[in-house]
Amino acid sequence: MSMFGQVYVSNGKYRLKGDFHHLTPNIPIRNAEDGWKLMGVTNPRSMTYIHTYGGEAPFFEALGKGKLLGTRCDNDECEFKGTIYQPFRIHCPDCLGRNTVIDMTATAKKTAKIHTFMVCERSGAFNILDKPIKFINIEFEGVDTILMSYLSLGDPEFGMKVVPIFRKQSPTYTILDLSWVPEGTPEKDLPENFGF
Ligand SMILES: [Zn+2]
């Protein structure tokens, strides 16, 4: 049995396998100024959270295959028909209709550039990105929204042309499978497990 809980779906239901929580011994909390009297206990807990992607699942599946999916409103009744969304939006915010999923990998490779950026020297708990983290906002030709992501190599500049890279080896199925590098970066310089 796996140490980590695993989930799959069958007949429309979650099927759970493995351990979803682990009991860890309590440790006493004592008062150093008062003869080490007992004050309480720690309750260490580790749990597996089941996070459902719903209609966004195709986006995360595609990243590991080197594809960037976006969505487009194709509703004839919508005043803003043809609007393209990256990040991926399941529904059109104007007509609330279901958007069409589109492959915009080629558009990203040809037209992505840094709209603005932010360099963070510190980060919060559970961060696994290398610091400083170079957060970038990316604009694309013909796309009406701006994508938040991170630059893996080089230093960000306004208007800088960037290309997407994908964690094709050992994908995590999270947004971290997508990153960006300056246009013209050779494939051999990419971070481990990433490719164009
Ligand atoms: Zn619409």
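**Zinc site, pockets and backbone**

Colleague: How are the donor residues of the zinc ion spaced in sequence?
Modeller: Their spacing is C-x4-C-x13-C-x2-C. This is a predicted model, where local features need pLDDT of at least 70 and side-chain atom pairs count only at pLDDT 80 or more, while totals for chains, interfaces and linings use all residues. Numbering runs from 1 along each chain as its sequence is written, and side-chain values use heavy atoms, without hydrogens or water.

Colleague: Which atoms are the protein donors of the zinc ion?
Modeller: The SG atoms of Cys73, Cys78, Cys92 and Cys95, at 2.3 to 2.4 Å from the zinc ion. A donor is an N, O or S atom within 2.8 Å of the metal (3.2 Å for Na, K and Ca).

Colleague: And what geometry does the site of the zinc ion have?
Modeller: The site is tetrahedral, and the angles among the four donor atoms run from 103 to 117 degrees. The label requires all angles to lie between 85 and 135 degrees.

Colleague: Is Cys92 buried or exposed?
Modeller: Cys92 is buried, at 0% relative accessible area. Cys95 has 27%, so it counts as partly exposed. The limits are under 20% for buried and over 50% for exposed, with partly exposed in between (1.4 Å probe, protein chains only).

Colleague: What is phi of Asn11?
Modeller: Near 50 degrees, a positive value in a residue other than glycine. Asn11 sits in the loop between β1 and β2 (13-17). Its relative accessible area is 73%, so Asn11 is exposed.

Colleague: Cis peptides: what joins Gln86 and Pro87?
Modeller: A cis peptide bond, with omega about 15 degrees. Pro87 is in the loop between β8 (84-85) and β9 (100-103). Lys131 and Pro132 are joined by a cis bond with omega of about -5 degrees, and Pro132 is in the loop between β10 (113-120) and β11.

Colleague: What about the second largest pocket, how much space lies in it?
Modeller: About 300 Å³. It has 14 lining residues, and Leu129, Asp130, Tyr150, Ser152 and Pro191 lie nearest its centre. Strands β11 (133-139) and β12 (147-151) each supply at least two residues of this lining.

Colleague: Ser179, then. Which strand does it lie in?
Modeller: Ser179 lies in β14 (residues 178-182). Ser179 is buried, with a relative accessible area of 0%.

Methods:
1 Å grid on protein atoms, 1.4 Å probe; cavity = no way out; pocket = protein on both sides within 12 Å on 5 of 7 lines; lining within 4 Å. Points joined across faces, edges and corners; volume = space filled by probe spheres on them. Helix = DSSP H or I, 4+ residues; strand = E, 2+ residues; numbered from the N terminus. Tetrahedral: all angles 85-135°; square planar, octahedral: opposite > 155°, others 65-115°.
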